[in-house]
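The stops below go from the whole chain to single side chains.

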Amino acid sequence: MNRQISKMSDSIERVKAEHERMENILDYVKNYQKDFEGFLENLEANSPPITVTTPERAEFYSTSEKLNTDLQQISEDLKEVIRHINVSNKLIDRTDPVSQILRILNEHTDALQWIEDQTAVVKESLDDVAKMHQVFRRDQERSLRLMFKPN
């Protein structure tokens, strides 16, 4: 019985010591956080405001708007192609299967060619956007490094 009480007492002492150590660590973290908050407040007060309207960002936005407009135009053009195919299908001589097949294949070939052309335009626009994004990201990283660079 004394042995169990002794073990329990040792365990309690270890838990108390660990608890005290954890409280010390917590106090250290709290002090570190206060110091860091003070540093950030000082940094924000003494640094110039970050302008978010950099030329690259404006160009990126402009390209995104153009891409959106292009995609809307592509959508409208596809609707027109579909309408044209539907009208062509109404005019097909229903009695001549070869004529039907040829007209459908021609319309599909035209539509596929148009889609291929538009895809190339969109790919080129996306490549431009990706390049601008890389430049913007590199500039932002450089700005952040300069802002947080130790004196």
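The tour starts with the overall fold and then moves through the helices.

This is a predicted model, in which local features need pLDDT of at least 70 and side-chain atom pairs count only at pLDDT 80 or more, while totals for chains, interfaces and linings use all residues. Residues are numbered from 1 along each chain as its sequence is written, and side-chain values use heavy atoms, with hydrogens and water left out.

**Whole chain.** Colour by secondary structure. The chain has three helices and zero strands, in the order α-α-α along the sequence. Helices (H or I, at least four residues) and strands (E, at least two) are DSSP runs, numbered from the N terminus. Now show the surface. The chain exposes about 13,100 Å², of which carbon and sulfur atoms supply 58%; accessible areas come from the Shrake-Rupley method with a 1.4 Å probe, and for residues only the protein chains shown count as cover. Of the 151 residues in the chain, 13% are buried. Buried means under 20% relative accessible area, exposed over 50%, and partly exposed in between (1.4 Å probe, protein chains only). Contacts (heavy atoms within 4.5 Å) are also worth a look: among those between residues at least 6 apart in sequence, 71% join residues at least 24 apart.

**Helix α1 and the nonpolar patch.** Select M22, I25, Y28, V29, Y32, F36, F39, L144 and F148. Together they form a nonpolar patch on the surface with about 950 Å² of accessible area. Patches are made of residues with over 30% relative accessible area and no salt bridge; like charges are joined within 9 Å, nonpolar side chains (Val, Leu, Ile, Met, Phe, Trp, Tyr) within 5 Å. Helix α1 (residues 2-46) supplies the largest share of the patch, seven residues. Zoom in on F36, which is found in helix α1. F36 counts as partly exposed because its relative accessible area is 42%.

For one of them, select E76 and K79, whose closest N and O atoms are 3.6 Å apart. Both lie in helix α2 (residues 55-91), three residues apart, about one turn of the helix. An α-helix has 3.6 residues a turn, so residues three or four places apart point the same way. E76 is partly exposed at 42% relative accessibility, and K79 is partly exposed at 41%.

**Helix α3.** Select residues 97-147, the extent of helix α3. Its 51 residues reach 73 Å from the first C-alpha to the last, close to the 75 Å expected at 1.5 Å a residue; the expected span is 1.5 Å times one less than the number of residues. Next, pick R137 and E141, which meet in a salt bridge at 3.3 Å, N to O. E141 is partly exposed, at 34% relative accessibility. R145 is exposed, with a relative accessible area of 55%. Salt bridges with shared partners join R137, E141 and R145 into one network.

**Last stop: D139.** The buried residues of α3 include W114, F136 and D139. Why does D139 count as buried? Its relative accessibility is 19%. Show R142 as well: the side chains of D139 and R142 make a polar contact at 3.2 Å. A polar contact is a pair of N or O atoms within 3.5 Å; within protein, one must be able to donate a hydrogen and the other to accept it, and residues adjacent in sequence count only if both atoms are side-chain atoms.

Note on methods:
Salt bridge = Lys/Arg side-chain N within 4 Å of Asp/Glu carboxyl O.
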